[in-house]
Amino acid sequence: MKNEEALAVQNLRVNYKIYRGILKVLDGINLTVKRGEKIGLVGETGCGKTTTLKAIMGILAGNAILSSGRVTVNGKVVLQRSAHHMVRKSAKRVAMIFQDPTASLNPVFTIGEQMELVVRYAANRSSSAREAAVNALRLAQLPDAERIHTNFPFQLSGGMRQRVCIAMALAAEPNIILADEPTTNLDVTIQDQVLKLLKRLCDEQELALVLVTHSLGVARETCDRIYVMYAGTIVEYASSQNIFENPYHPYTRGLLAALPRLTGEGIAEGIEGRIPDYLNPPQGCRFAPRCEHATEKCFSTKPGFYEAEDGHFVSCFLYETERGVASDVSHSSDTES
Amino acid sequence: MSVILRIRNLKKYFPTSKKGVFVKAVDGIDFDIYKEDVFALVGESGSGKSTTAYTVIGMYEATEGKIEYKDLDISRIHWKRPIQLKKNIQIVFQDPGTSLNPSKTVSQIIGAPLIIHKHLRGEKLREAIINALNMVELPSEYIYKLPRDIGGGEKQLVAIARALSAGPEFVILDEPTSALDVSIQAKIIRTLLKLKEELGLTYMFITHDLSLVRNISNRVAIMYLGKIVEQGPTSQIFAEPSHPYTQMLLSSIPVVTKAEEAFKPKQVQSTGEIPSPVDVPPGCSFHTRCPLAWDTCRKIEPQPVELQPGRIVKCHLYSKHKATLSGAKL
Amino acid sequence: MRDSTVAIDISARSAYAERLKRAWYRFSRSKLSLLGLLMVASIIFIAIFAPVVTPYPEHAGAFVDFGNTMHPPSLEHPFGTDAMGRDILTRCFFAFRGALIMGIVVLAIVVPIGTAVGLFGGYFEGKWFSTIVMRVTDVFLAIPPLVLALAIAALLKPTLTNSMIAVCISWWPWYARLVYGMTVSVRNEPFVKAVELTGMNRFKIMFSEILPNHLGPILTKMTLDMGWVILTGASLSFVGLGEQPPTPALGTMVSDGAKYLPTYWWISVFPALMIVIIILSFNLLGDGIREMLTSGE
């Protein structure tokens with residue numbers, strides 16, 4: 001049970017059509033989430049982490065083109081795009097939490113009304129919808145759940161609204177929660193509370209969590225495993241502990257070094273340059289133009305994943321000789337279609 | 001070292017729609033900023049840190065109290081201040097997306113203070129603009145670009161170039177990197193620190209990011225609900241946070257190394273939320289969230305206590321009321 | 001230094017060209033805006049070169065040919081002739097001149113006044129003098145423009161100039177309102193605060209920092225309004241309060257022909273059709289400009 005895959009994304013490629021041409025954003029994303037596992041998808045602005053989530057939820061923007069990929073939720077294929085056919089179904093038992101709780105709650109309905117809708121349609125229960133809603137609010141540690149049930153969103157603080165969004169996600173009785181920067185708009189003390197709540201709820205109810213964030217610290221404190229994204233590719237993934245103690249990819253290293261430390265070690269250099277233009281992304285490794293270790297090969301060939309340590313995969317030619325090609329790369333060819 | 005900015009009992013209240021009810025955004029704060037220091041003002045949203053900055057720069061008129069810049073009382077709204085003062089005190093805003101005029105080129109943006117304060121024109125103006133751009137390590141050909149054509153980090157560098165172009169002495173940095181990615185943040189901060197050394201500037205750094213503060217500032221003041229709860233030299237505050245709120249803030253920061261993990265205070269868990277500044281709790285305004293609060297805290301407002309020279313904390317744990325403290329340990 | 005200056009100028013020029021190209025792409029995405037542009041260009045061309053492009057330029061004035069009255073549309077007279085035997089096509093084309101002059105003059109007066117009032121009111125929003133100015137604007141807005149223009153034109157002598165004055169008085173508040181709203185929304189933006197705190201003169205802030213951000217919407221409204229101003233002018237001349245005979249005016253022509261409806265329908269239908277075409281053209285063009293200025297990628 002515990003080792004079953006709750007969510008698998010294989011070879012996901014998404015482009016956007018704009019005036020100047022086609023933005024090749026996602027370049028073959030592979031990721032798996034086991035039941036009850038909390039993974040972090042970490043990267044900077046414009047690295048494609050939100051696009052990945054949107055593709056999984058099937059809510060990509062109108063000008064997005066899905067050029068390949070397969071998404072499996074709880075063992076069922078919900079999205080498959082190959083040369084010959086296209087499958088698109090709505091994913092069941094997946095709930096999403098957005099960055100801005102104010103924008104994701106309807107201002108003209110009470111919290112209770114909105115939550116009962118979720119209970120009725122997502123969890124398919126019409127009797128005792130109210131009770132289920134109040135229970136979910138209690139689970140999200142909202143003080144005085146009965147009162148909040150009758151409140152409008154504007155009567156609550158930002159932190160409380162995000163808790164309501166978490167409660168609403170729970171009310172849908174999901175087994176996978178996708179959270180897109182859920183604490184970015186919150187203060188640090190409130191962020192701490194909300195993250196702890198999210199983590200505890202996922203542990204208690206054995207929910208799988210995909211946490212999209214730009215903050216390495218947030219991912220470290222919440223997630224079991226972390227995928228680091230750069231320019232539409234995953235560059236490295238491993239357990240949280242490994243990523244932070246032994247980062248391998250030059251990008252991960254640069255990113256970690258750029259973070260100011262509480263222990264006070266001064267301000268590091270940061271990473272020179274900026275993310276590539278998606279209209280015309282680098283042929284080989286997308287990080288090559290900013291990488292100090294880049295060789296000819298990096299510019300011409302895309303690196304596969306190499307297992308630098310047990311369960312620690314790096315997409316960088318520096319580690320090609322370490323242990324050979326990882327099994328995960330085989331996902332990139334669509335075997336079943 | 002000489003004091004460049006002296007704030008005494010500064011208050012800034014905003015009226016609400018209800019008569020006689022005020023939002024007490026800043027409620028009686030005192031601090032000094034020394035020349036060539038980086039002074040960090042830290043707090044969460046609603047703490048009044050930005051209001052303090054905007055009152056110092058003159059965007060708001062102080063309700064009460066004194067702001068002295070080099071012994072000159074400047075607690076007036078900006079249009080009543082002498083023009084020389086506006087050259088000396090500059091501000092960099094949080095979001096470069098809104099602080100640069102979308103219909104102006106980089107050269108017009110950076111040129112505005114140069115025209116106003118230095119009366120430059122023609123080739124001289126152009127040279128000064130290019131100098132300012134090079135100062136923040138942007139290439140000269142940026143002068144004809146529009147803000148929408150350049151990246152977020154570069155926009156912030158343009159905003160910094162604008163603030164520094166006319167040669168100020170004191171710069172207020174209002175969360176200059178919170179809208180940017182960490183790899184870009186590093187570059188901006190390094191540029192700011194380099195320029196501070198080169199030009200002998202003094203910074204007042206407004207932020208909510210304590211990890212950043214630890215690495216760049218000499219002195220810190222922590223604000224909560226319009227009051228400064230703790231202030232002092234950065235190294236002391238981080239090594240030995242005294243106020244329970246400072247401890248809570250520190251323990252809430254998500255960190256990336258074990259060393260940092262060990263560094264965080266453990267005993268104070270984050271609970272509750274910052275109350276509305278319209279309805280400030282009586283006594284110590286932090287008592288609603290403080291795990292160590294006792295009766296005195298709910299009734300009497302703590303007075304500032306100077307633990308060491310320059311290190312001031314506002315908490316009954318350190319005041320004479322401590323005698324009544326029973327059982328609470330720190 | 002010299003070389004780098006040249007290089008910078010070249011990159012500036014190419015950036016400018018790129019901006020124009022992108023704007024043209026957005027504009028030309030819609031075939032209708034292209035059609036609008038073409039039609040507006042043709043209308044302006046015809047108005048300027050009316051004596052050359054019309055078959056009977058002498059019919060534009062006080063010309064009478066009782067031998068050729070009330071001819072239905074034919075190859076010789078595509079729009080037919082009127083009760084005086086004048087070619088209606090010729091008179092319509094000549095009437096474009098008055099219509100365009102009306103539109104251009106009215107907008108040239110109304111836009112700067114309305115914009116200045118709106119900027120002033122918006123920038124000083126909350127101050128008593130701003131409140132007075134904006135309430136006066138509201139009073140003007142409360143009266144339907146055509147009724148106000150009719151009242152004013154009736155008081156003054158019925159000439160083209162006076163009807164323009166009438167339209168101007170009823171039109172400026174719309175620009176004042178538009179600019180006021182936009183100014184209020186950017187007044188507290190950090191980019192305005194930044195120049196205020198640097199000590200920039202307030203008039204300079206209003207006109208050189210805030211105003212350029214409004215030019216797009218103002219231009220769009222101007223293009224759309226061109227048609228409506230011409231329509232109002234035609235309505236005034238329809239009731240005899242505009243351009244006086246024998247100078248051709250579309251409104252007058254429609255009202256003259258109305259007496260002969262429905263038998264001699266062409267006398268009023270073609271001028272009316274011309275009014276429709278003018279309004280349509282400017283609206284299509286205006287939509288294109290709006291598209292060009294507002295849509296991102």
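In helix H3 of chain A, which covers residues 111–121, the buried residues are Ile111(A), Gly112(A), Gln114(A), Met115(A), Glu116(A), Val118(A) and Val119(A). The model described here is a predicted one.

**Cysteines**

Over all chains, a search of the whole structure finds 0 disulfides. Two cysteines of chain A illustrate this. A disulfide needs two cysteine sulfur atoms within 2.5 Å. For Cys47(A), the closest cysteine sulfur is that of Cys285(A), 14 Å away, which is too far for a bond. Cys285(A) is likewise in no disulfide, and its nearest cysteine sulfur belongs to Cys298(A), at 6.1 Å.

| Residue | Relative accessibility | Class |
|---|---|---|
| Cys47(A) | 2% | buried |
| Cys285(A) | 14% | buried |
| Thr105(B) | 14% | buried |

**A loop residue in chain B**

Thr105(B) sits in the loop that runs between helix H3 (96–99) and helix H4 (106–118) of chain B. With a relative accessible area of 14%, Thr105(B) counts as buried. Which residues is Thr105(B) in contact with, leaving aside its neighbours within four places in sequence? They are Ile143(B), Tyr144(B), Lys145(B) and Leu146(B).

**Chain B as a whole**

Chain B contains 12 helices and 12 strands. Its radius of gyration is 21 Å, close to the 20 Å given by the globule rule for 330 residues, so chain B is as compact as a globular protein of that length. The C-alpha trace of chain B spans about 70 × 50 × 40 Å along its principal axes.

Of the 330 residues in chain B, 61% count as buried. Contacts in chain B between residues at least 6 apart in sequence can be sorted by separation: 62% of them join residues at least 24 apart.

The accessible surface of chain B is about 13000 Å², and carbon and sulfur atoms account for 52% of that surface. Chain B carries 43 positive side chains and 34 negative ones. The centres of these two sets of charges lie 3 Å apart.

Key. Residues numbered from 1 in each chain as written. Chains lettered and ligands numbered in written order. Predicted model: local features only at pLDDT ≥ 70, side-chain atom pairs only at ≥ 80, totals over all residues. Heavy atoms only, no water. Helix = DSSP H or I, 4+ residues; strand = E, 2+ residues; numbered from the N terminus. Rg over C-alpha atoms; globule rule 2.2 N^0.38 Å. Buried < 20%, exposed > 50% of the residue type's maximum accessible area, 1.4 Å probe, protein only. Contact = heavy atoms within 4.5 Å. Areas by Shrake-Rupley, 256 points an atom, 1.4 Å probe, with all protein chains shown as cover. Lys, Arg positive; Asp, Glu negative; His and termini not counted. Charge placed at Lys NZ, Arg CZ, Asp CG, Glu CD.
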